[in-house]
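Subject: Structure handover and findings

Dear colleague,

I am passing on the structure we discussed, together with an account of what was found in it.

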Amino acid sequence: MLARNKPQGSIYETGLGKGPANFAALSPLDFIVRAAETYPDKTAIIYGETHTSNAEFYARCRRLASVLSARGIGSGDTVSVMAPNIPALLEAHYGVPMVGAVINAINTRLDAPAVAFILEHSEAKLLIADREYSDVVKAGLARMENPPPMIDIDDPLHEGGALLGECDYEAFIAGGDADFAWVPPADEWQAIALNYTSGTTGDPKGVVFHHRGAYLNAIGNVIVFGLNAKSVYLWTLPMFHCNGWTYTWGVTAACGTHVCLRRVDPALIFPAIHEYGVSHMCGAPIVLNMMIHAPEELQGKLNHAVEVATGGAAPPSSVIAAMEEMGFNVTHLYGLTECYGPATYCAWQDDWDHLDREEQAAMMARQGVIYPTLQSLMVADAETLEEVPSDGKSIGELMLRGNTVMRGYLKNPGATEKAFAGGWFHTGDLGVRHSDGYVEIKDRSKDIIISGGENISSLEVEDVLFKHPEIMEAAVVARSDEKWGETPCAFVTLRPGAGKLSAEEVIAWCRDNMAHYKCPNTVVFCDLPKTSTGKVQKFTLRERAEAL
Ligand code: ADP
């Protein structure tokens, strides 16, 4: 009989090692190489009159990488870019990481102290900035003890602003090597991007992405949004917002075409959709709302399918319905900077085909299920981490886990540890899970209204307000109240050309459409203050509500 030796380990552990033939670090830099090799002459970027091929796009990124390298910029260095959605910023998403450096796209609406804070905190080795922001950049750099060297973007499509830096971006990369032999990262955990959160409560936090997460989330976008080599993607979402929710890499992963736009304006969006045959675009609900309320002659008639992904804030169901009515196909995404932008999406189910438009929109307004590239999500008690029942009623905090969750906050171990407590990333968003497994956000934890001991979801009240035919936008916040603790206070913007509407009429509309305890007690008519990523600044509204 043969002696049966107890195996030392599994049979799969011998002679089956990791090597260059069967393992490579995941990096979105691979995407541009493939696009340039597969479709060298196909258009990678359209900007104004300029069409750039994939081969040229790749060559320009390599030029940028070579000049960065010649300046001694390399592994672990930060390169900050402050620009609108123009080709230079897209190129930086490839050229900067090609030398192992980290791309830090700065929010273009920030003021000088915030820009100075970011440049200092990230220890930026170089700033590349569009002349449009020269006032803020100049004042920001003046506040710094050791300001980084600066390169201007002198875009012929923009007038105004001043040139402050060493030279123009085009001159900067002109001397670079189009065949620069860059080296892919040895470790996929290497940092690729740094994005600062808005910092509504204290200094902003620097969210660090790695190559692996950027690769995976970009692939997740390709799968969820159905991108392919024929896709034409319009840049109506800021590239500085989580690297354009990683579509900067995702569109090129699919070998699609980027259409760059300096400004998010329906007067530019609709003509671009018609002229270039745009097939995909993303935007915060506010962008969709702008499109819905654009004059009809500007909108024109859609004669091809356009997929629109929206998120960054809850899209009211009426906004989804109106976009669908106009012929757009809407996909709802939810996520945060900390998880590379989109982390969940509202996957369509065939049995929703039979619902009417309003019922469909209500289904689609839910934040849905996890991205194919995230590992898991739970709705749970923030302290005990115990999951709430999937009854559509019990509220818990949304928590995420997986490869597309950030490495952590830069130079902030305390905040990182807190965000990852118990092995889950705590989103700070409160929601429910429905019996079909779909999640629905009710509020950010700090925005929920507690009236007479009952939770009131500001999003739910807003959804009802948005359905009023005369209302264009609405935001609801808590206002202190002696009797109830808090009551909802609604801030409302009427649509252009709307008739007169009184506070009493708005309250009556709410009473007709939802439980009375949720109805706003106060209504203010005004424009809503927004962040550059299209979110209503609820903290400002809370202050205003308290001062009423
Ligand atoms: P910031 O925190 O700087 O505003 P983020 O983009 O990281 O920037 O914001 C993420 C937050 O935006 C989420 O925590 C959530 O509150 C909100 N959000 C994003 N997408 C949605 C969505 N589809 N529905 C509701 N809220 C959303």
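Cys 255 counts as buried, because its relative accessible area is 1%, and the cut-off for that class is under 20%. Please keep in mind throughout that this is a predicted model. Cys 255 is placed in the loop between helix H9 (247-253) and strand E10 (257-259), and its phi is near 60°, a positive value in a residue other than glycine. A positive phi is found at Asn 243 as well, where the angle is about 55° although the residue is not a glycine. Asn 243 belongs to helix H8 (residues 242-245), and with a relative accessibility of 0% it counts as buried.

The ligand site

The ligand is surrounded by 17 residues, of which the closest are His 332, Thr 337, Asp 429, Arg 444 and Lys 535. Sorted by class, this shell holds five nonpolar, nine polar and three charged residues. Strand E13 (residues 328-336) supplies the largest share of the shell, namely five residues, while domain 1 (24-262) and domain 2 (264-446) each contribute at least three residues.

For Lys 535, a polar side-chain atom lies 3.1 Å from an oxygen atom of the ligand. The ligand taken alone exposes 570 Å², and the protein buries 91% of that area.

Salt bridges

The count of salt bridges comes to 22, and I describe some of them here. One of them joins Lys 125 to Asp 77, with the closest N and O atoms 4.0 Å apart. This pair links distant parts of the chain, 48 residues apart, since Lys 125 sits in strand E5 (residues 124-130) and Asp 77 in the loop between helix H2 (54-70) and strand E3 (78-82). Lys 125 is partly exposed at a relative accessible area of 38%, whereas Asp 77 counts as buried at 15%.

Asp 154 and Arg 131 form another salt bridge, in which the closest N and O atoms are 2.7 Å apart. Asp 154 is partly exposed, its relative accessible area being 29%, and Arg 131 counts as buried at 17%.

In a further salt bridge the side chains of Arg 357 and Glu 325 meet at 3.1 Å, N to O. Because Arg 357 lies in helix H14 (residues 357-364) and Glu 325 in helix H13 (residues 317-325), the pair ties together parts that are 32 residues apart in sequence. Arg 357 counts as partly exposed at 34% relative accessibility, while Glu 325 is exposed, with a relative accessible area of 56%. There is also a network, in which salt bridges that share partners join Asp 130, Glu 132, Asp 155 and Arg 262.

Buried positions elsewhere

Leu 126 lies in strand E5 and counts as buried, because its relative accessibility is 0%. Leu 126 and Leu 164 are 38 residues apart in sequence, and their C-alpha atoms are 13 Å apart in space.

His 280 is found in strand E11 (residues 280-283), and it counts as buried at 5% relative accessibility. The side chain of His 280 makes a polar contact of 2.8 Å with the side chain of Ser 279.

Helix H11 (residues 285-292) is mostly covered, since six of its eight residues are buried. The buried residues of H11 are Pro 285, Val 287, Leu 288, Asn 289, Met 291 and Ile 292.

With best regards

Conventions:
Residues numbered from 1 in each chain as written. Predicted model: local features only at pLDDT ≥ 70, side-chain atom pairs only at ≥ 80, totals over all residues. Heavy atoms only, no water. Near = heavy atom within 4 Å. Polar contact = N/O pair within 3.5 Å; in protein donor to acceptor, adjacent residues only side chain to side chain. Areas by Shrake-Rupley, 256 points an atom, 1.4 Å probe, with all protein chains shown as cover. Helix = DSSP H or I, 4+ residues; strand = E, 2+ residues; numbered from the N terminus. Nonpolar A, V, L, I, M, F, W, Y, C, P; charged D, E, K, R; others polar. Domains from an automatic or database assignment. Buried < 20%, exposed > 50% of the residue type's maximum accessible area, 1.4 Å probe, protein only.
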